[in-house]
Amino acid sequence: DEAFAAEPESVLETRVDEALAAGPEAAPPATRARTSEREAAADARDDLTVIEGIGPKVQSTLYAAGITTYRALAESDPDALRAILKDAGLRLLQPDTWPQQAALLSRGDHEGFDALRRALRDSRRG
């Protein structure tokens, strides 16, 4: 209805959550569609922690910044990544190779990714 559509986004999300708590069949069709879109977006997240140098806290920070897939990370500039990390209070991280690692994963080149990850780990040790 028009009153529902005129509400601010946060109120809409609250009403969506309330409708879902009542059960999917109780939610109006438009609400079910928005919920499906939100679930699909959540499903589109890649596990960025497989990338050398990214742990759970960094992954959460990247997710919050909208970088949720290998492809999005592959298209990110290391300086922009540094700025995101700095704004989150995360320092001493080196995101220079993250886009390269993510590009290999986004192309499905797991062999190339594993070789690069081994080389990065070996260079840290030696």
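The model is predicted, so local features need pLDDT of at least 70 and side-chain atom pairs count only at pLDDT 80 or more, while totals for chains, interfaces and linings use all residues. Residues are numbered from 1 along each chain as its sequence is written, and side-chain values use heavy atoms, with hydrogens and water left out.

## The chain as a whole

The chain has eight helices and zero strands. Helices (H or I, at least four residues) and strands (E, at least two) are DSSP runs, numbered from the N terminus. Of the 126 residues in the chain, 29% are buried. Buried means under 20% relative accessible area, exposed means over 50%, and partly exposed lies in between (1.4 Å probe, protein chains only). The accessible surface of the chain is about 8,100 Å², and carbon and sulfur atoms hold 51% of that surface. Such areas come from the Shrake-Rupley method with a 1.4 Å probe; for residues, only the protein chains shown count as cover.

Contact means heavy atoms within 4.5 Å. Among the contacts in the chain with a separation of 6 or more, 39% are between residues 24 or more positions apart.

## Helices H7 and H8

Two packed helices are described by the angle between their axes and the distance between the axes. The axes of H7 and helix H8 (residues 110–125) come within 8 Å and cross at roughly 155 degrees. This makes H7 roughly antiparallel to H8, a label for angles over 145 degrees. Axes here are lines fitted to C-alpha atoms, for helices over the stretch in contact, and angles run from 0 to 180 degrees between N-to-C directions.

On the H7 side, the contact is made by Gln100, Gln101, Leu104 and Leu105, and on the H8 side by His110, Gly112, Phe113, Leu116 and Leu120. By class, the contact of H7 with H8 has five nonpolar, four polar and no charged residues. Ala, Val, Leu, Ile, Met, Phe, Trp, Tyr, Cys and Pro count as nonpolar, Asp, Glu, Lys and Arg as charged, and the others, Gly among them, as polar.

## Helix H4

Helix H4 (residues 56–64) has the buried residues Val58, Gln59, Thr61, Leu62 and Tyr63. The cover over the buried residues of H4 includes H6 and H7. Just after H4, glycine 66 has a positive phi of about 95 degrees.

Glutamine 101 is in helix H7. Serine 76 lies in the loop between helix H5 (70–74) and H6, and leucine 48 in the loop between helix H3 (29–43) and H4. The table leaves out residues up to four places away in sequence.

| Residue | Relative accessible area | Residues touched |
|---|---|---|
| Glutamine 101 | 0% | Ile51, Glu52, Phe113, Leu116, Leu120 |
| Serine 76 | 15% | Ile67, Leu81, Pro99 |
| Leucine 48 | 0% | Ile54, Gln59, Leu62, Tyr63, Ile67, Thr69, Tyr70, Leu73 |

Leucine 48 and threonine 68 are 20 residues apart in sequence and 7.7 Å apart in space, C-alpha to C-alpha.

## An exposed loop residue

Most residues other than glycine have a negative phi. Leucine 92 has a positive phi of about 65 degrees although it is not a glycine. Leucine 92 is in the loop between helix H6 (78–87) and helix H7 (98–106). With a relative accessible area of 84%, leucine 92 is exposed.

Note on methods:
Angles under 35 degrees count as roughly parallel, over 145 as roughly antiparallel, 65 to 115 as roughly perpendicular and the rest as oblique.
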